[in-house]
Amino acid sequence: MATTTTQSTTQMPSAGYGAALWRGIKSFALLRESWVGMIGAFLVLFWVLVALFAPLIAQFDPNAAIQPFAKPGAVAASGHTFWLGTDHMGRDILSRIVWGSRTVLFYAPIATVCAYTVGILMGLMAGYRGGLVDDILSRISDIILSFPVLVLYIIVIATIGASGFNIVIAITFASSPGIMRIVRGLVLDLRNRDYVAAAQTRGESDWRIMLFEILPNARGPLIVDACLRLGYVIITIGVLGFLGLGLPPPDPDWGGMVNETRQMAMVFPHMTLFPCIAISSLILGFNLLADGLREISLRD
Amino acid sequence: MNDKQEPVLICKDLCISYYTRAGEIPAVVDFSLTVKPGETIGIVGESGCGKSTVAMAIMQYMGANGGIKSGSIMFKGRDLTTFSEDELRSIRGAEISMIYQEPFASLNPSLKISTQLMEVPLAHETISRDEARERSLQMLTDVKLPDPERVMNSYPHQLSGGQQQRVVIAMGLLSNPSLLLLDEPTTALDVTVEAGIVNLISDISNKFGTSQIYISHNLGLILETCDRVFVMYSGEVVEEGTINSLFTWPKHPYTHGLFSCIPLPTADKNAAPLKPIRGQLPLPFERPSGCYFGPRCDHFKKGLCDQDHFRMENVEGSAPDHRVRCLRYNDIDHTKEASGETVQEPLEIGKRVLNVDGMKKYYEVKDSSLMALITGKSVRHVKANEELNFTAHESETVAIVGESGCGKSTFAKVLMGLETGTEGEIRHLGKDISDIEVRDRSTKQIRSLQMVFQNPFDTLNPSHSIGGQISRVIKQFGVESDKKKIFDRVMTLLDTVKLPRDFYFRKPRQLSGGQKQRIGIARAFAGNPSIVIADEPVSALDVSVAAAVTELLMDIQREHKTTLLFISHDLSVVRYLADRIVVMYLGHILERGSTNEVFDPPYHPYTEALLSAVPIADPEITKRKIVLEGDLPSAMKPPKGCPFCTRCHRKIGDICDNEPPPDQIVRDRHVIKCHIPIEELSKIAPVITVPETSERIQAA
């Protein structure tokens, strides 16, 4: 009886990425149960909205020199208020921070995704194939990791020049070995599972096993790490900007803003303070989000 | 036994709950138990029935979210539930000690055994270090560890699993406790090692007068160690009694069901098949009203069994302490029940499908030590398989039996193409496949050789849905290519393994262990294989579930005329379902033959010891006790002569140490690898004796 009823109700699944997306959103909703994660998600979401609606929020052209050395709250000739003051060149700091969030939230995720793609592929190969492949990949990553990160960035950017795209390359180059290490460790454990043996015994290709059987089960730690790493990448982009290796001026860049105004920091603290707060809050957001995700992933 | 003495422990109307975010979960309900001095109590039940929770409650070690809701635990006249943390500390380890399932997890790997043992008396008594050391040494001798001095100076990893568990038992006994709790103390050990530990445990109460509570899922072990037994189901005791009364005439339908699930020597896969208990253990918050076993019980009577929760009552006409929680136990006549569903015709054995001829598998181990450089022996070999010879026919079940490290899984790997053989041949349907890796095999070869894996929690990829995983197999094997047809085929497979069709959409974590194993079977049979290797497919499952999965496996085999290679360490399961048996030890086949030939003399001495080591849950069946000394030698340095010579109880002299034994042919396909002449081996009395004049066995 039971079988006949289910027989009629069980339909072929409508294949769809919509369903997968819905599941992703639902699992994200679990975050509600972690306070820390909620605060993090709120901070990140705040900056994402700021970046999306930058033209509506910013009341000045970020690169226009209007009125140098204005204090926060000063009113411009146009009647608009410099809520966070202006810098030494007379550019509105709020507008620059708002537009600058676009830079950070554009390049940081791209750089992280690139670093992850390279790191995951290397880690899967090293962990799953083992032997000589593992030796070669691990030694390469050892060499890269033995350089101080800053030196690495300076070498790479100095060689290929400073641009948004080159920042992505530099970050990918410097952080994929670390990601490879994590993935390799996870793969070494997962490849001995029976379901991997089952896939091998039905003649699946190595790539299929790596990408479909192993990788999805490593996602928990990787998602948490990705969130943390996004924070580091934001710091890195800030540091590169600060060192003058970031985006070429005059486009707004949080790190660059700190760099340009740091000598005046004692006299005009608002010029450096607000970009710093912007950087810290976004990084804090990603770190808290990572903590929340870890808390949830440990729970079940 | 000692009626006059005051009981050591009295649990009265104990209710234990866990408090989780989902709410209160009643883990144990209405539990009463009295332990007299020197008595051994067995608590038996399937996973999730609350038996470990009881032990934890007695230790008052419930964790942050557990608590005793009502009832009392009186230990020597004092209520443990009212004790402060300080008072508890003085009792734990000193008056009540506990021994856990995994010895390697109970010992601290970075401290010497001596430090860990001496800590016990030093912490609880005021004695000198010398005295503590002396006591520890004496205790190691008492638990029959060879060379206690050496053990004292070892670290845990330098000891074998059996030795470690003996150390843990010694540690538990050191402070001379009045009560010893043993939570599945032998589950992680091999059968021959287990037999030694069980012997030791059953001696403890005689020697030290310690009362024991022995928790196990294995009725056979309970029979060998305990005086009284409590059967638990879904958080409550359903039946209790002395070993004799309960094992001879079980009254509760659940207890009876458990016995029907165990392959006793009287069971037979064709004439008297196992009878699994239908349904599943209810989750604590899904328990029905009235009898918790009601929904799975064949004798359930509406309006009676589903009324109020009822209490234990004494069984009329049985021993005074035989009590049962069933309203209808008097109406049920278990002897009248058919022992199995239907009697099956034995399968007709077909043509030869697998021929293993002189197969060897050596693993190379590179040794880069200085010594190796000097002697020039930089490569050493782990001899996982040596000269394997056997055949398997269509529709036949061949069991490969042996303890861990005997090379049975290595053989499976070579057969599946995950490794390649070093020498010799494995002919499958006439073609040698021993040196073809799985990626070089044709789809036809791959799909006709499939495997069911051991660990149900590992066999399915947790990231993909059940439907997706089975569909992938069908697609990969080229059985069907059209989407609709693949879907239909998955549905048929789900029907075959008796799972509801909407499991298609489930994720593995939504399935129980038994259900996962069914999916594993469905996956293996997706391409109509000619040979299926089942690597301990039921050893991680509860008895009632294991019985159902075993029966399912045999049903499908019957239907498809598949050859089943059944890898196992459990001789009772093997005796039940195998047609032929291959006994392996340290990479060698020591004996092979049909099931009856292997289970009757002449035996190989190792087979004899294995048979004796398997616990049998039937008090009327007698067994000759053979306990093997020592441990399995390393496969890196196997003995020069007979592989079994280091532990053999029938060693005849130097010839065993120095010369590899010959394959002696007893009859046709029954071969024993031993120096002892067949005539002498034939004179050995059978290990297991089933009485012919038993009322109960006859009734079954």
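## Two chains, A and B

Chain A contains 13 helices and two strands. This is a predicted model. Chain B, by its secondary structure, has 24 helices and 26 strands.

**Overall form of chain B.** The radius of gyration of chain B is 27 Å. A compact globule with 700 residues would have a value near 27 Å, so chain B agrees with that expectation.

**Contacts along the sequence.** Take the contacts in chain A between residues at least 6 apart in sequence. Of these, 69% join residues at least 24 apart. In chain B, contacts with a separation of 6 or more are counted in the same way. There, residues 24 or more positions apart account for 68%.

**Strands in chain B.** Strand β13(B) covers residues 352-366. Which strands does β13(B) pair with? One is β14(B), residues 379-393. This pairing is antiparallel and runs over eleven bridges. Within it, Glu364(B) has His381(B) as its bridge partner. Another is β16(B), residues 423-428. Here five bridges join the strands, which again run antiparallel. Asp357(B) of chain B stands opposite Glu425(B) in β16(B).

In a regular strand, side chains alternate between the two faces of the sheet.

Methods. Residues numbered from 1 in each chain as written. Chains lettered and ligands numbered in written order. Predicted model: local features only at pLDDT ≥ 70, side-chain atom pairs only at ≥ 80, totals over all residues. Pairing = 2+ DSSP bridges. Helix = DSSP H or I, 4+ residues; strand = E, 2+ residues; numbered from the N terminus. Rg over C-alpha atoms; globule rule 2.2 N^0.38 Å. Contact = placed C-beta atoms within 7 Å.
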